[in-house]
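User: Please take a close look at one part of this model. Walk me through it and what it packs against, with the cut-offs behind each term.

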Amino acid sequence: MPTQEKPNYLWSIFTMKCPRCRRGPMFSDPNPWKLRRTMKMPDKCPECGQIYELEVGFWYGTGYVSYGLAFIFSVLTFFAWWLIIGLSTEDNRFFWWMGINGLLLVLLQPWLMRFSRAVYLYIFVKYDPDYTKTEAKGFDYETDSYYRNNPDNPENKKDK
């Protein structure tokens, strides 16, 4: 039986594939600019069964990743502007860069939000070449078990 080739790490992040198998899609819709469905994700990877939301509130950390990505993008566009157009105190070139950079950040925001989720999940879940034989990674309080066992959950109070 031939073994499958290990998918490329960077390509898997940029195409937003599951970090455990690097084959299953992380998002339900591949187009990030369909704004009503931008952040729609399946609960588990369709390929390996890895749970995407490892614990309650897991995705809050992606705000830091998104901020860092926006900062890096802004620094790169600043240096590109400086090398191509230049900066001067005699005119408003700096303010033109700020406006164009801001517009680009707004236009790229749906993709940046998705990409930050992919990067953040790749920090916690590592590639497993034997993902078909091993158990998926999880934390102590996965979202489903947390809500199922939480006495404050209104769904749990109906049964009593």
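Analyst: Start with Trp82, which is partly exposed at a relative accessible area of 44%. Here buried means under 20% relative accessible area, exposed over 50%, and partly exposed in between (1.4 Å probe, protein chains only). The model is predicted: local features need pLDDT of at least 70, side-chain atom pairs count only at pLDDT 80 or more, and totals for chains, interfaces and linings use all residues. Residues are numbered from 1 along each chain as its sequence is written, and side-chain values use heavy atoms, with hydrogens and water left out.

The part to look at is helix α2, residues 62-84. Helices are DSSP runs (H or I, at least four residues), and strands are too (E, at least two), numbered from the N terminus. α2 has 23 residues and reaches 32 Å from its first C-alpha to its last. That is close to the 33 Å expected at 1.5 Å a residue. The expected span is 1.5 Å times one less than the number of residues. Just after α2, Gly86 takes a positive phi of about 95°.

Now the buried side. Thr62, Val65, Ser66, Leu69, Ala70, Ser74, Thr77 and Trp81 are buried in α2. The buried residues of α2 pack against α3, which runs over 93-124. Take Ser66, which lies in α2. Ser66 counts as buried at 14% relative accessibility. Leaving aside neighbours within four places in sequence, Ser66 is in contact with Gln109 and Ser116. Contact means heavy atoms within 4.5 Å.

Trp81 leads across to Trp96. The C-alpha atoms of these two are separated by 9.7 Å, and they sit 15 residues apart along the chain. Trp96 lies in helix α3. Trp81 is buried, whereas Trp96 is exposed, with a relative accessible area of 58%.

Next, the outward side. A nonpolar patch on the surface is formed by Tyr67, Phe71, Ile72, Val75, Leu76, Phe79, Trp82, Leu87, Phe94, Phe95 and Met98, with about 1100 Å² of accessible area together. α2 gives the most, with 7 residues. Patches take residues with over 30% relative accessible area and no salt bridge; like charges are joined within 9 Å, nonpolar side chains (Val, Leu, Ile, Met, Phe, Trp, Tyr) within 5 Å. Areas come from the Shrake-Rupley method with a 1.4 Å probe; for residues, only the protein chains shown count as cover.

What holds the rings together here? The structure holds 15 aromatic pairs. One of them is Phe78 with Phe94: the ring centres are 6.5 Å apart and the planes at 75°, so the pair is edge-to-face. Phe78 lies in helix α2 and Phe94 in helix α3, so the pair ties together parts that are 16 residues apart in sequence. Phe79 and Trp82 form a stacked pair, 5.9 Å centre to centre with 25° between the planes. Rings of Phe, Tyr and Trp (its six-membered ring) pair if their centres lie within 6.5 Å; planes under 30 degrees apart count as stacked, over 60 as edge-to-face and the rest as tilted.

Phe79 and Trp82 are 3 residues apart in α2, so about one helical turn separates them. Phe79 is partly exposed, with a relative accessible area of 40%. Phe78 also counts as partly exposed, at 22% relative accessibility. Phe94, across in α3, is partly exposed as well, at 34%. Phe78, Phe79, Trp82, Phe94, Phe95 and Trp97 form one aromatic cluster.

Finally, the charges. The structure holds 4 salt bridges. A salt bridge is a side-chain nitrogen of Lys or Arg within 4 Å of a carboxyl oxygen of Asp or Glu. Asp91 pairs with Arg93, their closest N and O atoms being 2.8 Å apart. Asp91 is partly exposed at 32% relative accessible area, and Arg93 counts as partly exposed at 27%.

Another salt bridge joins the side chains of Asp128 and Arg20 (3.9 Å, N to O). Asp128 lies in the loop between α3 and α4 (143-149) and Arg20 in the loop between α1 (9-14) and α2, so the pair ties together parts that are 108 residues apart in sequence. Both Asp128 and Arg20 are buried.
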